[in-house]
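Work through the exercises below with the sequence and the structure at hand. Each task is followed by a solution in steps.

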Amino acid sequence: MNDQIQALLEGAISEKDREALNERLRTDAAARAEFARQMKLHALLTWRAGAVPVTMPKAKPSVWRSTWQWAGWAAAAALVIGFTLLLVSPNPAAAAVSQIIAAWEQAMDRTYTISVLAGDPWQPLRDGRSVGYESATLHLRGRSEFVLIRSLNPGGQVITGSDGTSNWDIRGKGPVRVSTDAYRFRGGIPGEYQNVPFLDLSSLFATLSANYDLTVCEDAADPALQRLMAKKRNRDQRGLPRMEFLFRQDSGTVVKMELYGLPEEKGGPRAVSLTLSSESAFPANYFTHHAHHEPEREVFFEPAQRHP
Amino acid sequence: MPDQLQTLSPELVQQITAAQSSLYAFILTLMAGQEGAADVLQETNLKLIRELHRYDTSRPFLPWAMTLAKFAVMAWRTRQSRSKLVLDNDVVGLMAEELPDSQDDRELAALESCLAALPARQRELIADRYDRGQTVRAIAARLGQPENALAALLYRIRKALHDCITTKLAQEEMA
């Protein structure tokens, strides 16, 4: 039965195996328990990986486009849950999380400007140069497209991005490197390797309550803003030790994120803030590498990476 | 609807939030891992909100929520063509009856520490399969290993994680 379950999890079960699996489950209680056990672990791992959108109507674009009825249901679910938490919950952290998720999922193009709060603003590169985080900009679109622009010392810029299909990196006047590896070139985004996926902040929040203590309060400087503070309960768990999110009370829009406890091994910042600096729309092709270099620049397509 | 919303207690709001991963696991099991479990969870959440006034707060929340989730799965099944369904109706009925109640989001917390205790290579394999969403076939091809051997290893890792979670939750219960 394990082979059949494995085929099922990979979406490749044959009709013959499907029938055999049903017969086994129909007649064998122990097999049903085993099936449930394996499916549950698969579900928890999928959930933990953030691959399950919870309250976001735009999470399934194909469904959204193809079936208005489904879209209506999904949108209604998001609104009902979001507003329910907002209106009636004396648990302000839960309400804040719901509101931020809803706003993040609805967000169009936006730009965050990075400031270094602690540590070295410059992070050394292997080739002797260094890359700067102070005043770097992170442009976001949807759940998979980004452009991160950082300074390069002794001169130029490091521009890293993804158009949702491939990731790419341009260092100074060097060649454009392109990879279809989903994680390639993402290390430059603060917190990305510490389980802080800016592109998929909804997933982060969906699992945040499991590992972090969440509190929310009004911002002392601006009553229109609220501050959601997340502090990790157990230092052995993955993720940054502390994160804070400043968001608009009326819309849930995250206007500032502060990340503390970035890893020190490779130098560079130990704490950064990302402040919403623009919500202007970018050109359609802005998140492709073509928009960031001259046409004659050499483009190098990397082979698939072997992970250690 | 607004009147119903106003009567929601903070405990119920927290219970809905905490039940999300367990409901997803329940739904995914009844759907045999087929695509669409997230949509069915959305629909279940909507039903939960709409039906909360019927919930008897003296009884455990999760079994009640799972009943609504089961109805949502059945509704999803009626929208699918028969040839696309993996499990037969009677098998789904049996599974729904027998699935044990979950432990809310405590399971996720236990999973986190169990993952941390895995050997690095196994942790990386789980990251490839789930965090990076790669298929077993793709991982096997990249690592140059037989697909069935890798699938068997993943099975053993998942089993070890399940045992670890069960042990941790049992320890929590006794503490």
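Axes are lines fitted to C-alpha atoms, for helices over the stretch in contact, and angles run from 0 to 180 degrees between N-to-C directions. Helices (H or I, at least four residues) and strands (E, at least two) are DSSP runs, numbered from the N terminus. The model is predicted: local features need pLDDT of at least 70, side-chain atom pairs count only at pLDDT 80 or more, and totals for chains, interfaces and linings use all residues. Residues are numbered from 1 along each chain as its sequence is written, chains are lettered from A and ligands numbered from 1 in the order in which they are written, and side-chain values use heavy atoms, without hydrogens and water.

**Exercise 1.** Describe how α3(A) packs against helix α6 (residues 106-116) of chain B.

Step 1. The axes of α3(A) and α6(B) are 11 Å apart, and the packing angle is about 85 degrees.

Step 2. The two helices are therefore roughly perpendicular; this word covers 65 to 115 degrees, while under 35 is roughly parallel, over 145 roughly antiparallel and the rest oblique.

Step 3. Contact means heavy atoms within 4.5 Å. On the side of α3(A), the residues involved are A:Lys40, A:Leu44, A:Leu45, A:Trp47 and A:Arg48. α6(B) contributes B:Glu107, B:Leu108, B:Leu111, B:Glu112 and B:Leu115.

Step 4. Sorted by type, the contact of α3(A) with α6(B) has six nonpolar, no polar and four charged residues. Here Ala, Val, Leu, Ile, Met, Phe, Trp, Tyr, Cys and Pro count as nonpolar, Asp, Glu, Lys and Arg as charged, and the others, Gly among them, as polar.

**Exercise 2.** Classify the aromatic pair of A:Trp47 and B:Tyr24, and state where its residues lie.

Step 1. Rings of Phe, Tyr and Trp (its six-membered ring) pair if their centres lie within 6.5 Å; planes under 30 degrees apart are stacked, over 60 edge-to-face and the rest tilted. The whole structure has seven such pairs over all chains.

Step 2. For A:Trp47 and B:Tyr24, the centres are 5.6 Å apart and the planes 45 degrees, a tilted pair.

Step 3. A:Trp47 belongs to helix α3 (residues 29-48) of chain A and B:Tyr24 to helix α2 (residues 10-30) of chain B, so the pair joins two chains.

Step 4. Both A:Trp47 and B:Tyr24 are buried (under 20% relative accessible area; exposed is over 50%, partly exposed in between; 1.4 Å probe, protein chains only).

**Exercise 3.** Are B:Tyr55 and B:Trp64 buried or exposed?

Step 1. B:Tyr55 has 8% relative accessibility, so B:Tyr55 counts as buried.

Step 2. B:Trp64, with a relative accessible area of 18%, is buried.
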